[in-house]
Amino acid sequence: MKSTVTTIDTKEQILNVAEQLFAEKGFAGTSLRNVIREAQVNIAAVHYHFGSKEELFVAVVRRAAQQIVTSQLEQLAKYENLDEPPSLEKILEAFYGPPLRAIIQMGETGLIRAQFMGRCRVEPSPIQQLSEKEFNESHRRFLDILQRALPNQTRTELTWKLDLAIAIIVRTVNQINQANSLIHKGSSEEVEIAISRLVKFVAQGMRNYE
């Protein structure tokens, strides 16, 4: 019988390899055979931990989402029960800060994760829906507080604006270290400057259509 440590290591190895392959090749371009070969495990291990390629994809998304969403909602919780709504800038800082800081702190692994999340945004609709489901609670709560901060805007308007805000951060993290990107060295100071710039830019856009 395998020890607990071995089982955990095997599962993480499969997730790590799957994340990189999904990031590089997309859902359709990645097969379980690819994952098995790169992770150096057998098909039984994949089926034991995940069952199918679709379930493996969801597990990769869930692992990435959990880290980001937990941090975002911890920040957002500071403002949700206040009598007065927070400023739009504070809401957006809670939205942009956690994922950007986490990705930079993860180094090369963070860049793979950023590439994977970007790939999720361009997958066919059924696959996109699998990934978006893991962020539903976070998005609902951000929409709720955005509605308080921008009461003259409809839920529909705020929904597509939040979607654009998501597209901006996906683009930002996928351009890290490239020419004309906001983040090159990945220092803490540079990341905080990038967050501040994104917050100011997006806040202006959200307000312009009130």
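**Helix packing in a predicted model**

E19 is buried, with a relative accessible area of 2% (buried: under 20%; exposed: over 50%; partly exposed: in between; 1.4 Å probe, protein chains only). E19 belongs to helix 1, residues 4–29. Helices are DSSP runs of H or I with at least four residues, numbered from the N terminus. Beyond its neighbours within four places in sequence, E19 contacts V60, R63, A64, I112, R113 and F116, where contact means heavy atoms within 4.5 Å.

The model is predicted: local features need pLDDT of at least 70, side-chain atom pairs count only at pLDDT 80 or more, and totals for chains, interfaces and linings use all residues. Residues are numbered from 1 along each chain as its sequence is written, and side-chain values use heavy atoms, with hydrogens and water left out.

Two packed helices are described by the angle between their axes and the distance between the axes. Axes are lines fitted to C-alpha atoms, for helices over the stretch in contact, and angles run from 0 to 180 degrees between N-to-C directions.

The axes of helix 4 (residues 53–80) and helix 8 come within 10 Å and cross at roughly 25°. Helix 4 is therefore roughly parallel to helix 8 (angles under 35 degrees). The crossing of helix 4 past helix 8 is left-handed. Helix 4 contributes V69, Q72, L73, L76, A77, Y79 and E80 to the contact, and helix 8 contributes E137, S138, R141, F142, I145 and R148. By class, this contact of helix 4 with helix 8 holds seven nonpolar, two polar and four charged residues (nonpolar: Ala, Val, Leu, Ile, Met, Phe, Trp, Tyr, Cys and Pro; charged: Asp, Glu, Lys and Arg; polar: the others, Gly among them). R141 of helix 8 touches L73, L76, A77 and E80, not counting residues up to four places away in sequence. The C-alpha atoms of R141 and F22 are separated by 28 Å.

Helix 10 spans residues 188–207 and has 20 residues. From first C-alpha to last, helix 10 reaches 29 Å, close to the 28 Å expected at 1.5 Å a residue (1.5 Å times one less than the number of residues). Its buried residues include E190, V191 and A194. The buried residues of helix 10 pack against helix 5 (88–105), helix 8 (136–149) and helix 9 (155–174).

Helix 9 and helix 10 pack at about 155°, with axes 11 Å apart. The two are therefore roughly antiparallel (over 145 degrees). K161, L162, A165, I168 and T172 of helix 9 meet L198, F201, V202 and M206 of helix 10. The residues of this contact divide into seven nonpolar, one polar and one charged.

Methods: Parallel < 35°, antiparallel > 145°, perpendicular 65-115°, else oblique. Left-handed = near helix turned anticlockwise from the far one by under 90°.
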